[in-house]
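Open the model in your viewer and keep the selection panel at hand.

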Amino acid sequence: MSLELTETVQGVVDGLTADHSEDLIEVYNSCDHTYIRVESQNIKEILSYLKTSHHFIFLCDIIGTDRYTSDERFEVIYNIMNLRTQDRIFVKIRVEEENPVVDSAISVWKSAGWMEREVYDMYGVRFEGHPDLRRIFMPEDYDYFPLRKEFPLLGIPGSIELPNTTPDTE
Amino acid sequence: MGIESALGEGFFTTKIDALTNWARANAAWPMPMGLACCAIEMMAFAGPRYDASRFGSEVMRFSPRQSDVMIVAGWSTYKMSHAIRRIWDQMPDPKWCIAMGACASTGGMHRCYGVVQGVDNYLPVDAYVSGCPPRPDALLHALMKIQDKIKTEHSVLLDT
């Protein structure tokens, strides 16, 4: 590969090529960061490998994306950081619209809990093995996933309750 | 002594409404419902430079039981709207409401699913202030409009 990578990230790519070559789809640089796209089946093993063998001990964020494509519609992006060398990589996986299920990374990083809840809340991607996968921002009984592309900008009228303005008649 | 000597012989009539309205208009204590950046301008409104105490409104009461005017300063999410309405219901009558800034008035730039598009969806707003955020003078102007409104009310008659 002819990418300009730092020593740590090159080590990651070499390690993944050696141990998880069947899962590795592509590696590319964009906006001064390295993106590694992998298959979603073994994401937990790959993240755990990155943490234990390459010291990516800090999970900065988990991001969801709606690509609005007919196949592999949703993307989950793990923004992780090596605190020894200050290297940051983005690990991407794609999931289908029909049954968007991803293995939870909570056994690797405990901080994944709320981030996965946010991705679930906004996109409806479910995380298998999450101990408490509830909505984090929207009401518990909300029927929609607001950051999906087909969701209208102003929401569904009447879907979130406003306060009662005539409290005396309750 | 006093007013009798100034008036000389005779008597002086007025309405009890005029007296209560004068008192109410010049002691409209605000309930600062500061939700976003408008709250910073609201602090300037209360501070010495713009000096809301000229209008008797310097006493920012953080208890709804002691306040008369709720200044909704900032954007209201659906989640927060229940708390705002609850505080409004806890304020004793008579009470007034100022929707300060574009967000409180119409939702402003927060044109999205989580933000109530104007607090008048669940509060009876008396004065709207435009601006993002409005200058403290604009809020003073809204307060003066509220005072004008108070002075035209028939509060005692309505109480009977």
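This is a predicted model: local features need pLDDT of at least 70, side-chain atom pairs count only at pLDDT 80 or more; totals for chains, interfaces and linings use all residues.

Residues are numbered from 1 along each chain as its sequence is written, and chains are lettered from A and ligands numbered from 1 in the order in which they are written.

**Annotated site.** Select B:C37, B:C38, B:C103 and B:C132, which the unreviewed UniProt entry annotates as "binding site"; positions follow the numbering used here, feature names are shortened, and annotations may be inferred rather than shown by experiment. They are spread over 96 residues of sequence, yet the largest C-alpha distance is 10.3 Å.

**B:C38.** This residue lies in helix α3 (residues 38–46) of chain B; helices are DSSP runs (H or I, at least four residues), numbered from the N terminus. B:C38 has 29 C-beta neighbours inside 10 Å and so counts as buried (20 or more other C-beta atoms within 10 Å of its own, placed from the backbone). Beyond four places in sequence, B:C38 touches B:A73, B:G74, B:M100, B:G101 and B:P133, contact being C-beta atoms, placed from the backbone, within 7 Å.

**B:C103.** Move to helix α5 (residues 101–106) of chain B, where B:C103 sits. B:C103 is buried too, with 27 C-beta neighbours inside 10 Å.

**Helix pair.** Show α2 (residues 16–25) and α6 (residues 136–151) of chain B, whose axes are 8 Å apart. Their contact is made by B:N21, B:R24 and B:A25 of α2(B) and B:Q147, B:I150 and B:K151 of α6(B).

**Chain contact.** Finally, select the contact between the chains: eleven residues come from chain B and nine from chain A.

Technical notes
Two residues are in contact if their C-beta atoms, placed from the backbone, lie within 7 Å. Axes are lines fitted to C-alpha atoms, for helices over the stretch in contact, and angles run from 0 to 180 degrees between N-to-C directions. Helices (H or I, at least four residues) and strands (E, at least two) are DSSP runs, numbered from the N terminus. A residue is buried if 20 or more other C-beta atoms lie within 10 Å of its own, exposed if 12 or fewer, and partly exposed in between; C-beta atoms are placed from the backbone.
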